[in-house]
Amino acid sequence: MKKRSARKAVSKKQRVHAAAKGTAHKAATAAGHKPANRILPVRRAPLASHRRDKGRVLGVVDLGSNSVRLQIAHATPDGQVTVLAEDRAPVRLGEQVFRTGKLSADSIGRTAIALARFARLAERAGAEQVRAVATSAVREAGNRAQLVRTVKAHSGLTIEVISGAEEALLVTLGVLQGEPPMERNLLLDIGGGSTEIISAQGEEPESAFSLQLGSVRLWEMFVEHDPLSRREAKLIDEALTDSLGSLDPLLIGKFRRIIGAAGTTAAVAGLIRRLEGDPRTQASRAGRVTHEQVRALLGLLRDSTLKQRRKWGVEPHREDIIYCGTAILEGVMRHLRVEELEITTRGLRDGLMADLVRRVLKPPEAGLHHENTVLEGLRAFGRRCGYREDHAEQVARLSLSLFEQTREIHRMGDEERALLHAAALLHDVGSFVSYNRHHKHTYYLLYHADLPGFTDRERELIATVARYHRRSAPKDRHPEFAELTPEERIVVRRLAALLRVADGLDRGHRRHVRSLKVSRKGKGLFIDVLADAGAELEVWSAQQKADLLSEIVGGPVQFKLHA
């Protein structure tokens, strides 16, 4: 089977036109489904119960490298979730991207059509909110903005690009939600572009590894023949050995069983059962298979042809990449000395829904971002950069106090509060590079960091807020500020105004300030500072850095020290 050659270079305008204006029938056919509207019921509660409950209908979309998946569910305030519908379209977003660094125009077109259909289904089901996230293929694509624009124009959906760490968190939540707090598990999620391996306690990950191994990625990079040549199989094995070597050695031999999230692992287990004559159908793929069974299947697939794989019942969108997915599974089990694979029907999509339910219906005090896992991830990054932890915690505490007491002025919510919390904790990490211009070094480090619990866009906002904790206030001529949308600029200015004052209130890194009381005084603000003796420097510094807050408030900001 010859690999499709990369499309000839065309102008950006032509590529957008091809993605946005191509015929729906052609793109949908290429994706392996008809463009007709349909809802696939999973488990449905009586309609009367939906009318009685005060819950909400929510939707999530997972844009993977091979398929895009939809889930629509009804959630009640007590945490009960009933899945109303699920759907999938094999759009192959990872086509070409791992070789060329760009999403193909065809894959963008197929994805836009699929998500437009998903949006219509969600609207018909009464979904009040739909969250769509993209993973490995879109993370690495240089033209991902083109996909975001095209999908927005066709469906109205906004795509969030999440980091590998965020993906691991959501997979863990999806598979292990409700797990006893002391229960330890090892999870595996093999996607088209990346593989997540997660050691978890309860429903929170202890350690997570996002590897650049995926069934579509390996096929794109190494496979040109059908059946595979010996050289291609060897190259895949070498890539696996190299990547798996980065895993924590302490995981080797620690777990006898690994849980495989829905997708590739379920497809492999289903194929093993069919070849062994197992009467269970593909619609019920939960169960267990051994490493020996996986290794035997890998040997069989290595010499198989496309025609044989079709005869065995491999799904059309996996028939070319099933060997690569099986090779990753076998490599992980061999490297970690895992004897058994347990399959679950749950995965990233279920984690997305659980996350959305928690954000919308049962938000904790500071939203999802206040969970210990996320905060510890931020602190771990700060420690790697040698930050002063006591100062960081003090500035974060004062920033959040100012945020809460000025809500009626800034009118921001818990999501923005979480961004401020992260920026305050990490505002000084740039000193790891040099104290001179450390606010700019902070921006660079955070912009390129992998911060669990935050999307790429949120990370950019955190970096920008932290950048303005000192020196110049945000200005349109600053490149990092100019790249933001008008709405994001407003958020950055308001959060930076609070962070600047909080940082001033710990000027000497002595944690003298114990509490703040903010009151409105005409058009300005009056801030009472309760502090230990000798906090005059902190109050003076806060006053000097209150210029931006004064601008936001529309009046003077005054401080009074109570020692």
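At what angle do the axes of helix 12 and helix 14 cross, and within what distance do they come? I will answer that first and then go through the rest of the chain.

This is a predicted model, so to speak of a local feature I need pLDDT of at least 70, and side-chain atom pairs count only at pLDDT 80 or more, while totals for chains, interfaces and linings use all residues. Residues are numbered from 1 along each chain as its sequence is written, and side-chain values use heavy atoms, with hydrogens and water left out.

To the question, then. The axes of helix 12, residues 291–302, and helix 14, residues 322–336, cross at roughly 145° and come within 9 Å. Axes here are lines fitted to C-alpha atoms, for helices over the stretch in contact, and angles run from 0 to 180 degrees between N-to-C directions. Helices (H or I, at least four residues) and strands (E, at least two) are DSSP runs, numbered from the N terminus. The crossing of helix 12 with helix 14 is left-handed, meaning that the near helix is turned anticlockwise from the far one by less than a right angle; clockwise would be right-handed.

On the helix 12 side the contact is made by His291, Val294, Arg295, Leu297, Leu298, Leu301 and Arg302. Helix 14 contributes Ile322, Tyr323, Thr326, Ala327, Leu329, Glu330, Met333 and Arg334. Contact means heavy atoms within 4.5 Å. By class, the residues of this contact are nine nonpolar, two polar and four charged. For that count, Ala, Val, Leu, Ile, Met, Phe, Trp, Tyr, Cys and Pro are nonpolar, Asp, Glu, Lys and Arg are charged, and the others, Gly among them, are polar.

Now the chain as a whole. The chain holds 25 helices and 14 strands. Of its 563 residues, 56% are buried; buried means under 20% relative accessible area, exposed over 50%, and partly exposed in between, with a 1.4 Å probe and protein chains only. Among contacts between residues at least 6 apart in sequence, 71% join residues at least 24 apart.

Five strands form an open sheet with mixed pairing, in the order 3-2-1-4-5. Its edge strands are strand 3 (81–89) and strand 5 (159–161), each of which pairs on one side only. Neighbouring strands of this sheet are turned by 20° against each other on average, direction ignored. Two strands count as paired if DSSP finds at least two bridges between them. Strand 1, residues 56–63, runs parallel to strand 4, residues 129–134, and six bridges join them. One of the pairs to look at is aspartate 62, whose bridge partner in strand 4 is valine 133. Helix 15, residues 348–360, lies across strand 1, strand 2 (68–75), strand 3 and strand 4, and runs at about 140° to strand 1.

Elsewhere, strand 6 (184–190) and strand 9 (257–260) run parallel, joined by two bridges. Strand 9 also pairs with strand 11 (340–343), in the parallel sense and over four bridges.

A few backbone details. Aspartate 226 and proline 227 are joined by a cis peptide bond, with omega about 0°. Proline 227 sits in the loop between helix 9 (215–222) and helix 10 (230–244).

Which residues other than glycine have a positive phi? Arginine 92 is one of them, at about 55°, and arginine 511 has a phi near 55°. Arginine 92 is in the loop between strand 3 and helix 4 (97–100), and is buried at 8% relative accessible area. Arginine 511 is in the loop between helix 23 (486–504) and strand 12 (513–521), and is partly exposed at 45%.

Last, two buried positions. Glutamate 315, in the loop between helix 13 (306–311) and helix 14, has a relative accessible area of 14% and so counts as buried. Its C-alpha atom is separated by 8.2 Å from that of alanine 267, 48 residues apart along the chain. Valine 491 belongs to helix 23 and is buried at 17%. Leaving aside neighbours within four places in sequence, valine 491 is in contact with Met412 and Glu416.
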